Amino acid sequence: MKPKYYITTPLYYPSSKLHIGHAYTTVAVDTMARYKKQRGFDVKFLTGTDEHGQKLERAAQEAGTTPKAYIDEIVNGIKELWPLLDIENDIFIRTTDDYHKAAVQKIFKQLYDQGDIYKSSYEGLYCTPCETFFTELQLKEGNCPDCGRSVEKVQEESYFFKLSKYADRLIKHIEDNPKFIMPVSRRNEMLNNFLRPGLSDLAVSRTSFKWGIPVEFDPGHVIYVWIDALSNYATALGFMSDDDSNYKKYWPADVHVVGKEIIRFHTIIWPIMLMALGAPLPKQIFGHGWLLFDGGKMSKSKGNVVDPNILVNKYGSDAIRYFLMREIVFGQDGNFNNEVLVQRINSDLANDLGNLVSRTGGMIEKYFGGAIPSEQTPTEFDKSLVEMAESTCEKVENHMDKMQFNDALIEIWNLVRRSNKYADETSPWILIKDPDKKSELAAVLYNLSEVIRIVSILISPFMPRTSPAIWAQLNMNDSEILTWDKSKTFGLLPKEVTVSKGAILFPRLDIKKELAELEILGGGEPSASSEPAPKKSKQEGSPAKKEDDGIIAIEDFFKVEMKLGEVIECEHVEGSEKLLKSQIKVGGQMRQILSGIAQFYTPEEMIGKKVALVMNLKPRKMMGHLSEGMVLAAKDDNGNLSLLSVDKAVDSGAEIS
């Protein structure tokens, strides 16, 4: 019997068009669901929409329509985006679905009957967009601490849920199950900032608007958002319905993936609801960070949203999925940047993966007429390549099981880059010149094809369109050797590999042209490489500039942004004796930086080092590669360089001051 795996996204509030930040969450969950399916799990992947509340009621009134009609149009747009991003959810729930509404009413009634819900009156400060009450102390400059908008004083009769009754039990559960809330920083925040200081009982009904699920035994009240929306994870499986077979089969959820701004509701209110109902708690709630735009959270009101439709139509779903999962450390905030997107497509997808597939297929076609001979002689470079290929899957699994998507892709791309290096080491274009080396040439091209098979399996949860395209080009028709477990064994391809060379997987992009087009299309911010504004000429009669004495003011020093980074990947820059190209993790983002230190450090020595970086230098190209900062080093009298670092354990991303 297959093991069960149930994973969910949060419900999306259909108040506006989805942006790339929303897509980020769903792509991550889809990637995880695909991975588990490849591992042989019986997977249920849930997503949906939260469709009740005062905000939507008001928006519909302003639009001159009913709430349901207003919402239907937006939900249709959401459902159209998911296939565009190749997202394959198993269940899509709407909180306006009849079966959900009926189940929520039963949940509310049970909690009321057992004394966990009681009627009282409430007076507080309410943020309509966030659907949340706040105290005076929680406000930021008199406004909502989450979205910055104004709050309004609300006084009304409400039903209250006894959160405080279950607080100690929840604290014990979190302490006994250290992976219940992840990452660790979110767990500590919930314990120290909310649970241990003490919980207040929660208002769970409203009378000031009508667009919600009515309290069945008190029709003047509608059920407030959290009991309504949070219940979806169980009601989608048939909880509190006549057919709860899926609930019994798949519950408890293996993981709820949510944004950090709503983790409090998912790790406090939702578990306490389940405790009160006598139901098992989910195994894990994972609170990921925000996808930032120019340093700020994406928001329609701020005018800084990035339209995923534009990006997918321009670059394809796999390129966008790869960028989102590779560029950002899941669990931390990450920055969306058009220039980094285009550069990542060029460097990783076109130069590395695309080049490996294209050159391998091209050489098989050119040197052997499209079919590798079965007579093959090993070379001295084979062993290390085979060992790396056979060990990569286990490393990927270790990262994927912890939702470390970017680290999993780094491991896969280490193998891709090693394979390109193997091609350079064995030099098929030289072997072809010697008739006695024909069997060695055949072995080299077979080994490259076999690595491509393994890579194509490992990338398929991230890039579901690219893998079949690779299989078609190398005529990999045997599905038995394309399963996840078969990526752990080298040599499963038939010896006589044939090719049907197709289109280039990822054509190289003209960065300047792409950034200009994206600006016109509204897909992101102005390019960091846009032409600078012309300098103002010195006016006649202006005072002569004083000779520079080398002294700067403190405000000039503070303009330099310095942080600590960790080198994840490093390699020589082809054609340069001095340059190393490093992929450096800085908190929740990756930076590619070129440094003239190859005479003093090998790429192997660099990996894992914590280095001091200048972050806010204008990106520049060196030997055809983009460098996005500077690694700091000290130089002695003989010109020898030593990297600057720290003498204690400090996380990457820490500021240097």
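**Fold and local backbone features of the predicted chain**

At 78% relative accessibility, Glu141 counts as exposed, because the cut-off for exposed is over 50%. The model is predicted, and Glu141 lies in the loop between strand E5 (132-134) and strand E6 (152-161). Although Glu141 is not a glycine, its phi is positive, at about 55°.

A second residue other than glycine with a positive phi is Asn475, where the angle is near 50°. Asn475 is found in the loop between helix H18 (466-473) and H19. With a relative accessible area of 28%, Asn475 is partly exposed, since this class covers values between the 20% limit for buried and the 50% limit for exposed.

The chain as a whole contains 21 helices and 24 strands. Its radius of gyration is 28 Å, close to the 26 Å that the globule rule gives for 657 residues, so the chain is as compact as a globular protein of that length. The C-alpha trace spans about 90 × 80 × 50 Å along its principal axes. Of the 657 residues, 54% count as buried. Among contacts between residues at least 6 apart in sequence, 75% join residues at least 24 apart. The accessible surface comes to about 30000 Å², and carbon and sulfur atoms account for 49% of it.

Helix H11 (residues 308-315) was examined in detail. Its buried residues are Pro308, Ile310, Leu311, Val312 and Tyr315. The cover over these residues includes helix H1 (20-38), helix H3 (67-84), helix H12 (317-327), helix H13 (338-368) and helix H19 (511-521), together with strand E15 (334-336). The N-terminal end of H11 is capped by Asp307, which has a side-chain oxygen 2.8 Å from the backbone nitrogen of Asn309. Just after H11 comes Gly316, with a positive phi of about 90°.

Cis peptide bonds were also found. One joins Met182 and Pro183, with omega at about -5°. Pro183 is located in the loop between strand E7 (181-182) and helix H6 (184-195). Another cis peptide bond joins Trp251 and Pro252, and its omega is about 10°. Pro252 is placed in the loop between helix H9 (245-250) and strand E11 (255-259).

Note on methods
Residues numbered from 1 in each chain as written. Predicted model: local features only at pLDDT ≥ 70, side-chain atom pairs only at ≥ 80, totals over all residues. Heavy atoms only, no water. Helix = DSSP H or I, 4+ residues; strand = E, 2+ residues; numbered from the N terminus. Rg over C-alpha atoms; globule rule 2.2 N^0.38 Å. Buried < 20%, exposed > 50% of the residue type's maximum accessible area, 1.4 Å probe, protein only. Contact = heavy atoms within 4.5 Å. Areas by Shrake-Rupley, 256 points an atom, 1.4 Å probe, with all protein chains shown as cover. Polar contact = N/O pair within 3.5 Å; in protein donor to acceptor, adjacent residues only side chain to side chain.
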